[in-house]
Amino acid sequence: MAVASLVLGIIALICTISGYGAWAGLILGIVGIILGTMAKKEQPSGIATGGFVCSLIATILCGIVAVSCTLCTTCSCLTFGLF
Amino acid sequence: MFPILNIGPFQIGVYGICCTLGIILACLLALYNGKKSNIDKYNLILCFAAILIDAFLGAKLLYFIIDFEGICNMFEKYGFNFETLSNIIQGGFVFYGGFIGGFIGILIFSKIMKVSPIHFITVIAPGVPLAHSFGRVGCFMAGCCYGIPSEKYGIAFTDSLGAPNGIKLFPVQLLEAALLLIIAIIMQVYISKSKHRHITVYIYLFLYPIIRIFTEQFRYDAERGIYFGLSTSTWISIGIITAGMILLLIDIKKGMPEPVTPESIMPKLFDEDDEYKDKNKYSK
């Protein structure tokens, strides 16, 4: 679980720099946090801590990039002719 | 107002920064409350993850329901491709969808972990209006969820992608942010001082819908959905107040759980047959 958490965290970090993959990185980061937390609970280790921290950072960065309510509804986009 | 932050080659949405900052502060507050309530921090973190996933899904699902026609129009205009789908997924959330989704997340988590949900709900509750307050500031920065035109109290947006630029609009987002912050402070003070800590949830269940119904009167973005003269959020607010009243009545009928007091957990100082219990024994 610790290794899986680390891998998911790294993949989520890579997704952060991709505009379209940010929301996928958000989900992967949260799953990485879950696995990292469960790994730390059962058997605390450096890899578990690393996976948890990596997933946490990735989740925060992906959250900033993915949660962009430039418009609350796409209808507003069309209404004001912005696209 | 200030929707995009340019850092070098990167353009970051200020709304995303505000929301993420609000969620981080809410999680830290919940961890602090959890520590005081002797709740395992790892269980609390797992609970956060469950809430985040379900809140994300709930907020997005309600947005799809409210703006189904607009989303269909977008697919018709730009085609059903990954870019259009990604733009729709990244933009547009409805708070109440996230609220209901997050609540369901806590229930699912409690069921899986076989723990009582009320303890988690109690420690997490004060963070909800706090995070929402930051989200509303983000809404103001992005120019969404805008207010009615007002020459006296309005602020004209210049770079908004949602609100009409150049027209003075009432900053209903900032009003709601301030009221939410007040609710968060009231809830946190109550949870710190009171013995019946779970009552803090009722404070939110009654206060926020009232505030939301009040601020809805100053909202001007019709795209949020209007049904029988009231907005979607107003209908949901009425539902939440009703649900809160039913839960409170059930709680009162069942009887409030006895608060934990020092006397209830201290060992008895005297046995029933202890000779010192008879005060008059040595006075004769």
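The following dialogue shows how several features of this predicted model may be read.

Q: What share of chain A is buried?
A: Of the 83 residues in chain A, 47% are buried. Among the contacts in chain A with a separation of 6 or more, 67% are between residues 24 or more positions apart.

Q: Is A:Ser5 buried or exposed?
A: The relative accessibility decides this. A residue is called buried when the value is under 20%. A:Ser5 has 0% relative accessibility and therefore counts as buried. The residue belongs to helix 1 of chain A, which covers residues 2-16.

Q: What surrounds A:Ser5?
A: With neighbours within four places in sequence left aside, A:Ser5 is in contact with A:Gly32, A:Leu35, A:Gly36, A:Gly51, A:Phe52 and A:Ser55.

Q: How is a nonpolar core to be read, and which residues touch the most other members of the largest one?
A: In soluble globular proteins, nonpolar side chains tend to be buried together. Here the largest nonpolar core has 36 residues, and B:Leu44, B:Cys47, B:Tyr96, B:Ile106, B:Phe120 and B:Ile124 touch the most other members. The elements of chain B that give two or more residues to this core include helix 3 (68-78), helix 8 (172-193) and helix 10 (232-254). Helix 2 of chain B gives the most, with nine residues.

Q: Which residues does B:Phe120 contact?
A: Apart from neighbours within four places in sequence, B:Phe120 is in contact with B:Ile39, B:Asn43, B:Leu44, B:Cys47, B:Ile106, B:Phe109, B:Ser110 and B:Val115. There is also a second, separate core of six residues, and B:Cys19, B:Cys139, B:Ala142 and B:Cys144 are among them.

Q: How does one check the length of a helix, and what span should helix 5 of chain B have?
A: One compares the expected span with the distance between the end C-alpha atoms. At 1.5 Å a residue, the 19 residues of helix 5 of chain B should span 27 Å, and the end C-alpha atoms are 27 Å apart, which agrees. Buried residues in this helix include B:Tyr96, B:Gly97, B:Gly98 and B:Phe99. Their cover includes helix 2, helix 6, helix 7, helix 9 and helix 10 of chain B. After helix 5 comes B:Lys114, whose phi is positive, near 55 degrees.

Q: Where does B:Pro126 lie?
A: B:Pro126 is in the loop between helix 6 and helix 7 of chain B. Because its relative accessibility is 0%, B:Pro126 counts as buried. Residues that it touches include B:Leu29, B:Asn33 and B:Ile191. B:Pro126 and B:Val201 are 75 residues apart in sequence and 8.1 Å apart in space, C-alpha to C-alpha.

Methods:
Residues are numbered from 1 along each chain as its sequence is written. Chains are lettered from A and ligands numbered from 1 in the order in which they are written. This is a predicted model: local features need pLDDT of at least 70, side-chain atom pairs count only at pLDDT 80 or more; totals for chains, interfaces and linings use all residues. Side-chain values use heavy atoms; hydrogens and water are left out. Helices (H or I, at least four residues) and strands (E, at least two) are DSSP runs, numbered from the N terminus. Buried means under 20% relative accessible area, exposed over 50%, partly exposed in between (1.4 Å probe, protein chains only). Contact means heavy atoms within 4.5 Å. A nonpolar core is a set of buried Ala, Val, Leu, Ile, Met, Phe, Trp, Tyr and Cys residues joined through side-chain atoms within 4.5 Å. The expected span of a helix is 1.5 Å times one less than its number of residues.
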